[in-house]
Amino acid sequence: MMIDWTSGGRQGLRRMALGGVALAAMAAAAAPAAAAGVDFVFIVDESGSMGGEHDFIPTLVNDLNGVFSANGFSDNRFAMIGFGDANVVPRLVTGFTTAADVSALASTLKVNGGTEDGYAAIDFSFATLNTPPSSIRADAGQFLLITDEDRDNTNSSLSFNSILSQFQTNNVGLNGLYDIQTISIVPGASPPTSTDRNNLGTYNGQVLAVDTLNNKVYVVDSHTPGGYRAITLPGGITPIVGGAGTTQADYVNLGTNTVGGCVGSLDQLRSNIPVVVGAFAGALVDCLTVVVVNNPGSFQARTQVVLKNFFGTAQYSTILHSYPGVLALDSRNPYSRRTAGRTPGTFSFAAAGNGLDGAASGATADYVSPDGLYTVYGSFSFDWGRAGQTATSIGSSFDSQTLLVGGDYAVTGNIAVGAAFAYSNTTNTLNNKTDEQDIDGYNLYLYGTYAIAKAHFEAVVNAGLLDQDTTRTAGGNSFSGNTDGWVWGGQISGGYDFDLADGLSAGPVVALRYSKLTFDAYNESGGAGAAAVGDQEAQALVLSLGGRAAFTIVKDDTTALLLRFRGAWEHDFKDGAEPVTVAQIGGGQTFSVVPDDADNSWVALGAGVTLDGAGYSFFGDFDTRVDYENADLYFGRVGVKVYF
């Protein structure tokens with residue numbers, strides 16, 4: 001059987017949600033030296049019905065190697081065992097070698113057998129491949145059993161428990177492609193939403209794969225890239241296999257008790273429906289890669305899923321929101337104070353308070369009011385959010401508090417200069433509730449503003465010192481790390497405010513900001529299993545295109561209430577973080593952590609209110625990011641200004 005196999009489903013794995021750089025330490029037990037890669041073994045049925053599946057292997061092995069490498073596993077080895085040919089007994093096709101060699105040797109697989117004992121093949125694989133000098137490396141092994149039959153017992157001494165013991169002793173995972181007509185979910189572990197329940201019901205019999213280690217079901221979905229999507233279910237998943245003899249008892253249940261557990265259906269591969277076959281191929285690569293990355297026994301895997309979360313959170317708190325709560329650029333807005341000769345009903349102002357992520361608010365020709373040449377201000381910001389779990393990082397929740405004080409001076413009626421200082425603290429708690437990251441930031445801002453007619457222009461530069469602490473537990477041990485870092489950057493912005501009606505103003509705003517974040521290398525303390533983390537760096541160059549509007553309600557000559565709104569499309573031209581070198585202290589594994597691709601585009605939305613009195617203003621603001629991939633971000637602020 002020839003299979004029309006496409007690779008359309010892999011983009012979901014190659015583009016993960018979070019990006020950034022930062023900090024951290026990892027969840028790793030005191031373990032023997034592990035490989036910076038994967039030892040992946042194909043155990044392939046050589047009976048007469050398996051020709052099409054053999055044709056699938058060359059592309060599969062090359063794609064797995066590419067995606068493993070893209071996720072930081074660069075030193076990968078592949079081997080192949082055949083079983084169930086005319087001689088019945090398993091045979092070595094090739095020991096550990098390159099993906100290219102296995103791809104080429106797939107054509108030598110036989111299709112002349114009819115008695116297939118997967119247990120005998122697994123036992124043979126451990127005995128043959130786990131012999132020095134090319135033994136299966138610690139915490140690196142994953143087997144993929146490919147068969148369209150249940151077990152034909154040729155060796156009664158091999159039992160479920162004896163085979164399981166070999167997997168658990170060697171910390172190797174079992175995954176499988178089996179002859180499965182249906183895959184359903186154990187009762188009680190229903191999907192969390194009605195939409196997901198409907199998808200599983202609609203595609204019952206077309207579930208592509210199940211990841212029992214990470215509670216994911218991959219289903220056909222023509223509306224998503226690659227034609228499939230992964231549904232994460234609460235609790236443990238046990239796939240219930242229909243129409244495959246004792247495959248459930250022999251193989252599926254075995255895999256769910258190892259550090260593998262990815263189960264795919266050969267029937268989807270054999271469908272020869274291009275949409276289904278392409279979706280199956282992508283889902284299988286994703287499923288197997290998620291299993292490899294989240295292998296709970298691997299120092300590298302457990303390091304990466306924690307480290308990448310810390311990378312992303314550092315970016316949120318220091319780069320994405322580089323100017324949290326800075327009143328500098330909106331401290332001289334004319335709407336926030338009275339101008340001589342104005343009376344209720346003719347109160348004039350130019351738009352929006354907080355601006356776009358710190359961008360300046362409007363300005364008019366009477367930019368500096370008679371309220372005074374000097375402005376001092378202070379604010380308290382509270383930011384919070386959530387990072388979702390991905391194939392390569394643990395999810396978390398985080399919050400940040402910022403206290404800012406500053407002031408400026410009106411040099412002329414159109415120009416003001418000033419400075420501000422901010423202290424911030426960010427706490428990030430991972431969903432496992434044992435790993436935590438804490439960042440203290442100390443930032444200095446210098447700025448200037450210029451206004452002419454209804455146009456306004458602003459510029460700000462900032463530099464800050466960061467102090468990061470990390471804590472984690474693994475293997476019964478507690479580890480801690482500390483390092484210093486720097487963040488610096490700048491922003492230029494400008495816009496024009498139109499008076500649309502009495503008390504209503506709106507106009508466009510354009511801003512460009514650059515930020516760079518670095519952290520020094522550091523070593524964890526805590527004994528065996530600690531990690532050494534190399535220098536870390538990330539950059540952002542963000543273009544913001546948007547607008548703002550404001551509406552004022554005048555109570556009397558000295559008091560006004562202003563409602564402010566803003567929005568912008570923002571795009572980051574940088575790739576986020578650079579790879580970070582991580583090593584197991586005391587010898588063992590050294591590898592490079594490749595941060596997940598950062599989201600490049602999102603929408604910034606915000607609103608605020610100002611109560612303006614004689615020589616003072618009270619204000620509050622709320623901002624969020626919409627369509628920021630796999631993360632929820634919110635920013636709140638309250639403060640006061642005084643003019644004299």
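Reply: Two strands pair if DSSP finds at least two bridges between them. Strands (E, at least two residues) and helices (H or I, at least four residues) are DSSP runs, numbered from the N terminus. The model is predicted: local features need pLDDT of at least 70, side-chain atom pairs count only at pLDDT 80 or more, and totals for chains, interfaces and linings use all residues. Residues are numbered from 1 along each chain as its sequence is written, and side-chain values use heavy atoms, with hydrogens and water left out.

Me: How many helices and strands does the chain have?

Reply: The chain has 644 residues, of which 59% are buried (under 20% relative accessible area with a 1.4 Å probe and protein chains only; over 50% is exposed, and partly exposed lies in between). Its secondary structure elements number 10 helices and 29 strands.

Me: Among contacts between residues at least 6 apart in sequence, what share joins residues at least 24 apart?

Reply: Contact means heavy atoms within 4.5 Å. Among the contacts in this chain between residues at least 6 apart in sequence, the share that joins residues at least 24 apart is 74%.

Me: Which residue of S21 stands opposite Tyr522?

Reply: S20, S21, S25 and S26 form, in that order, an open sheet of four strands with antiparallel pairing. Its edge strands, S20 (522-523) and S26 (590-593), each pair on one side only. Two bridges join S20 to S21 (residues 531-533), and the residue of S21 opposite Tyr522 is Val533.

Me: Which strands are at the edges of the sheet of nine strands?

Reply: This open sheet has mixed pairing and the order S3-S2-S1-S4-S5-S11-S7-S8-S9. An edge strand here pairs on one side only, and the edge strands are S3 (91-97) and S9 (228-232).

Me: What angle does the direction of H9 make with that of S7?

Reply: Axes are lines fitted to C-alpha atoms, for helices over the stretch in contact, and angles run from 0 to 180 degrees between N-to-C directions. Helix H9 (residues 274-293) packs on the sheet and touches several strands, including S1 (39-45), S4 (141-146) and S7 (207-211). Its direction makes with that of S7 an angle of about 0°.

Me: Which residue of S11 is the bridge partner of Asp211?

Reply: Strand S11 (residues 262-265) runs parallel to S5 (173-178), to which three bridges join it, and Tyr178 stands opposite Ser265. S11 has both faces covered, with Cys262 and Gly264 buried on one side and Val263 and Ser265 on the other. S7 and S11 run antiparallel, joined by three bridges. In S11, the bridge partner of Asp211 is Cys262.

Me: How many of the 10 residues of H7 are buried?

Reply: The buried residues of H7 are Thr247, Gln248, Asp250, Tyr251, Val252, Leu254 and Gly255. H7 is largely enclosed by the rest of the structure because the buried residues, out of 10, number seven.

Me: How far is Gly388 from Ala631 in space, C-alpha to C-alpha?

Reply: Gly388 is in the loop between S12 (374-387) and S13 (396-410), and at a relative accessible area of 5% Gly388 is buried. Gly388 and Ala631 are 243 residues apart in sequence, whereas in space their C-alpha distance is 5.9 Å.

Me: What is the phi of Val88?

Reply: Most residues other than glycine have a negative phi. Val88 lies in the loop between S2 (77-83) and S3 and is partly exposed, with a relative accessible area of 31%. Its phi is positive, near 75°.

Me: What is the phi of Ala453?

Reply: Ala453 is in the loop between S15 (436-452) and S16 (455-474). At 44% relative accessibility, Ala453 is partly exposed. Its phi, a positive value in a residue other than glycine, is near 55°.
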